[in-house]
Each structure stands twice: as C-alpha cells, then as structure tokens.
Amino acid sequence: MKIDLTETTSSKINQALISARRDIGSPAVGMVLTLVIVTDEENAYDALKAANDSSREHPSRIIVVIKRVSRSPRARRDARLDAEIRVGSDAGSGETVVLRLHGELANHAQSVVLPLLLPDAPVVAWWPEDAPADPAKDPLGALAQRRITDTYSAEHPLDELSVRAATYRPGDTDLAWTRITPWRSMLAAALDQQPAQVISATVEGESDNPSCELLAMWLADRLGVPVERTLSGGPGLTAVRLETKNGVIVLDRPDGSLATLCMAGQPDRAVALKRRETAELLAEELRRLDPDNIYESTVKFGVERLGGPTEASSVGSGQKRQEPTGAAAPAAKKAAAKKAAAKKAASK
C-alpha cells in the first residue's frame, strides 16, 4: 500500500501510518529499529532498495530524508513537507516513509524526523553519499546510536578516511570497513590453523580503495608489523600476503568472486569471497549497535603511517608512488572546507 501526502506534517504522517496498518490487517508494530537514510533524489532508489532488502533480516521503520533545496530566495522561504508512505509488500518487512523537505524546512530535518522515530527502539542513521564531516554532530546523526557512512563514495576516499579518524565518535562505522569482514575472518582463521609469528604483510588492491587501506591498517595495528600497500587493477581487494616464520600465507582473489588460500605445508584451497551487495553490508551493520572498538583502533592508526602505495602487477613489487596521503588533521580540514563550499553553492 502506498499513500501520498502533500504539504503535510509529522502528526498527519503518524496518523496515516496507523490507518495503513489497520487497513492491511496488522495493527501491531513488530519493528526492531528506525533506519534514517539521508540522501538525494539521484541515490534514493538504490538506497531504499538496499534498506528494504536488509529489513527482511531486521524489520525496521525506514525514514528516507530527501532535502530539496530551492534555488530562488522566494522558494527557499516556502517551507513544505511532502511524504510518501509505504506499508505491506511495498515496504519490505517494515514501514517506509519517504520525506521530501522543501525550502527552509530542509535545514531543520531533525524536527520532522524526531516525531516519526519508533518509541523505545534504536535509531541508525545512514548516509549512502555525501556524509557530513562529523556525523555525530550532524542534527540527524545526533538522534542515532549508530551512524553509517561509506568512504568509497567520497570524491577523495583516502582523505575521507583521515576525516573519519579525526572526527570518530563511538557508534560511527563505515561500509568500506564492513566490506573487509570476510577477508579479516579468513586471515584470522588461517593464522589459527598455522600459528606463527608474522614478520610482514602486503595488501594488494585498487588505487584509492578505502577497504584496501583499512585492511592494511588493521593488519599493521593488530599484528604490529610493517605492511606494504601495492596497487593492482582490481576489482577491489585482490590479494593479501603474510610472511611468517613458518612460511607464507597468501589469500588471492583476482576476479572478485573466488579466492585461493595458499599456506605452507597444505594444499591450495578455493574459498568463496565474493564482493557483496549494499543490502548485505547494511544488514551486517544492523546486527550490532554497540561501538566497534576494532574499527576505531584501525581507522585511527592513520593512512599516512602506511606510506605511499606501490604500483604492482603482483604482490610486493613496483615503484613508490610520488604523492603519499597527507596527515589526518590537514585532510580533515580540507574535506570539511569542500563540503561547506558545496553546501553554500547549493543554497544560492
């Protein structure tokens, strides 16, 4: 069932949700959290599809916030709220409210969203694109216990990683970090099977791929060994090599789907390591709402401590790139300035 409301209010939206549930014969609310998606018209469809798919594992009230900044001064003064309500089969396993905020109301989205949050349920905020420099201080982010961003969607992903480190607050997380969960699990299992002191490591993957940098920082932080970052044509992460006192452990995935695990004294094994869809990543993040201390330690390790990536067609070879990533604080200021300039230009 779909209901369109024009020039409405939060109170009328709540009343429409109650009426819609009664009409489809399910007056009880069985949702476990509220997911607030902050996006634009261009990315709203893909984000909502991923959220609906993930709601089959986590029944949620999904609130999509689309800010429609008007161009003319007169239109900006004309604040208006339009809403689209979806329940039943049109809303996955929960409810969906798509909010379009026009004019001055776009600057006060939290006042519209707050009355629509499920009572006594966790709140998760997700920015598929254009996340604020400090999600915890964003008015919508301040409503949430968990704040999900994606540095992969940023114009300069490695600078964005430094921003995430500089502004980290408990509850922040990044889908670029979620993408490497299978890699971290596989490497940890390999070291359990062949316990030995790791001497060094190499991470191979695409240039400017934040997941590659996060995996390299995780290895460097947890193992306390030098980690070399090398470049390949992708897709995404392509290989990890661990040099140990008992031999070499290599996890190689050249095609983005099937990987080969090579360990000294054991036959090579094929392991499924496919690149996951956004819905799977989102569902994983919604399974835990407590602070991720491992992510905090990893992102704060610092991209600049890895040094510049090396061009390579295979792990461990190549020449140093001339321009390594800058330090966290200057990068954070640079990214924040870009976001402020973009917002100022959009409001004109």
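## Overall composition

Of the 348 residues in this predicted model, 50% count as buried, meaning under 20% relative accessible area with a 1.4 Å probe and protein chains only. The protein has eleven helices and 15 strands; these are DSSP runs numbered from the N terminus, with helices being H or I of at least four residues and strands E of at least two.

The accessible surface comes to about 16,100 Å², and carbon and sulfur atoms contribute 50% of that area; the areas come from the Shrake-Rupley method with a 1.4 Å probe. Among contacts (heavy atoms within 4.5 Å) with a separation of 6 or more, 71% are between residues 24 or more positions apart.

## Strand β6 and its partners

Strand β6 covers residues 123-126, with Val123 and Ala125 pointing one way, Val124 and Trp126 the other way, and all of them buried. Strands pair if DSSP finds at least two bridges between them. Strand β2 (residues 33-39) runs parallel to β6 and is joined to it by four bridges; here isoleucine 37 has tryptophan 126 as its bridge partner.

Strand β7 (residues 146-149) also runs parallel to β6, through three bridges. Within this pairing, the partner of valine 124 is arginine 146.

## Helix α5

Helix α5 (residues 157-166) is largely enclosed by the rest of the structure, because nine of its ten residues are buried. Among them are Pro157, Leu158, Leu161 and Val163, as well as Asp159, Glu160 and Arg164.

## Basis of the values

Residues are numbered from 1 along each chain as its sequence is written, and side-chain values use heavy atoms, leaving out hydrogens and water. Because the model is predicted, local features need pLDDT of at least 70 and side-chain atom pairs count only at pLDDT 80 or more, while totals for chains, interfaces and linings use all residues.
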